[in-house]
Amino acid sequence: MARKAMAAAKPINLALQGGGAHGAFTWGVLEAILENPEVEIAAISGTSAGALNGVAVKSGLSQGSRALALETLEKVWEQVGAITDDAFAPWLNTFSPQAVSMAIETSLPFAVGDTISRMVSPYASGPFYQNPLQPIVADFSYDTICCEEGPAFHICATNVRTGKIRVFTGPEISPGAIMASACLPTMFRAVEIEDPVTGTLEAYWDGGYTGNPALFPLFAPDLPRDIVIVNINPLYRDEVPTTARAIQNRVNEISFNTSLLRELRAIEFVQRLLHRDLIDGDRMKDVLIHMIADDALMRKLSVATKLVATPQILHQLRVAGRDAAETFLREDIDRIGEDSTVDLRAMFG
């Protein structure tokens, strides 16, 4: 019998970044992982679009069904605007991502909407306001999402008053928690959720400001060492932005990568101490870091394609996510449980 048929599934933790409609890249990554019997998802930490993807996966896996997780993912992204009929694939690949991004950025409706979002508070809409995610998150079965079966699941949001991260898990996960994790303050009203300890209402914004995604919930002793980060905000750009929109876009990317880089730097520091026997390995976990990304594609996109979900971009991101995940699983699956595939020392050297 072939080695792959005999091997037990390797457990991994998933850390899913937020990035609006660019979360369709993570959709493709998750499809490839769910279709591969050699890996098993032990835990998920997600923010914004990462939280939405995580909810779909948790919902299916808590019922023991990878097929149901795949089906739920597809349903979510169809509601966002994806076209999943293969007959449309050639048409969806007609335009380059860069061309679509530029067309959206230079369009009058986007320019007007962008200006209004900077000048008018989302609270100005009065009684007509509705969070656009509400119909999507209302469809989920929270009995399956909040249960102990399947992978451990964590959602990140930012407390508006304190500026601190809030991690929702287990029975704390609700439609409000998902909407809070994806609440961009210039576009949506803060989501208010009752604090279980104080009983007071706390207001929350997008989790990307404080944990995109949060890695520390995945350090639990009962979880595997491997954390696979699905990164959808480019860490590096060759060119220095000079136009107003390009500057805004890079500021957005840096802001939403800052918390992740801070945690990765802390992991690298602990790794150095552990490998030099300066701290007890029983007290600190030697975490292994992996990353699935396609920075070359993401550098062709912008804030515009994060905010405006177009079928072409969603399709291309999904395909790119599948390709990136399949490459990782093909080339690096044997390193899971053994060593990191991300060189943190080089990253922070």
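Tutor: In this predicted model, helix 2 (residues 24-34) packs on helix 3 with an angle of about 25° and axes 10 Å apart.

Student: Why are helix 2 and helix 3 called roughly parallel to each other?

Tutor: Angles under 35 degrees count as roughly parallel. The angle here is about 25°, and therefore helix 2 and helix 3 are roughly parallel. Their crossing is right-handed.

Student: Which residues make the contact?

Tutor: Helix 2 contributes T26, W27, L30 and L34, and helix 3 contributes N53, V57 and L61.

Student: What makes up that contact of helix 2 with helix 3 by class?

Tutor: Five residues are nonpolar, two are polar and none is charged.

Student: Where is the centre of the largest pocket, in terms of residues?

Tutor: The largest pocket has a volume of about 1200 Å³. Of its 43 lining residues, L184, M187, F188, K306 and L307 are the closest to the centre. Helix 7 (108-119) is one of the helices that supply at least two lining residues, and its share, seven residues, is the largest.

Student: How do the residues of that lining divide by class?

Tutor: The lining of the largest pocket has 25 nonpolar, 14 polar and four charged residues.

Student: What about the second largest pocket?

Tutor: Its volume is about 570 Å³. Among its 20 lining residues, Q98, R237, E239, A246 and R299 are the closest to the centre. Helix 6 (97-105) and helix 11 each give two or more residues to this lining. The classes are five nonpolar, seven polar and eight charged.

Note on methods
Residues numbered from 1 in each chain as written. Predicted model: local features only at pLDDT ≥ 70, side-chain atom pairs only at ≥ 80, totals over all residues. Heavy atoms only, no water. 1 Å grid on protein atoms, 1.4 Å probe; cavity = no way out; pocket = protein on both sides within 12 Å on 5 of 7 lines; lining within 4 Å. Points joined across faces, edges and corners; volume = space filled by probe spheres on them. Helix = DSSP H or I, 4+ residues; strand = E, 2+ residues; numbered from the N terminus. Nonpolar A, V, L, I, M, F, W, Y, C, P; charged D, E, K, R; others polar. Axes fitted to C-alpha atoms, helices over the stretch in contact; angles between N-to-C directions. Parallel < 35°, antiparallel > 145°, perpendicular 65-115°, else oblique. Left-handed = near helix turned anticlockwise from the far one by under 90°. Contact = heavy atoms within 4.5 Å.
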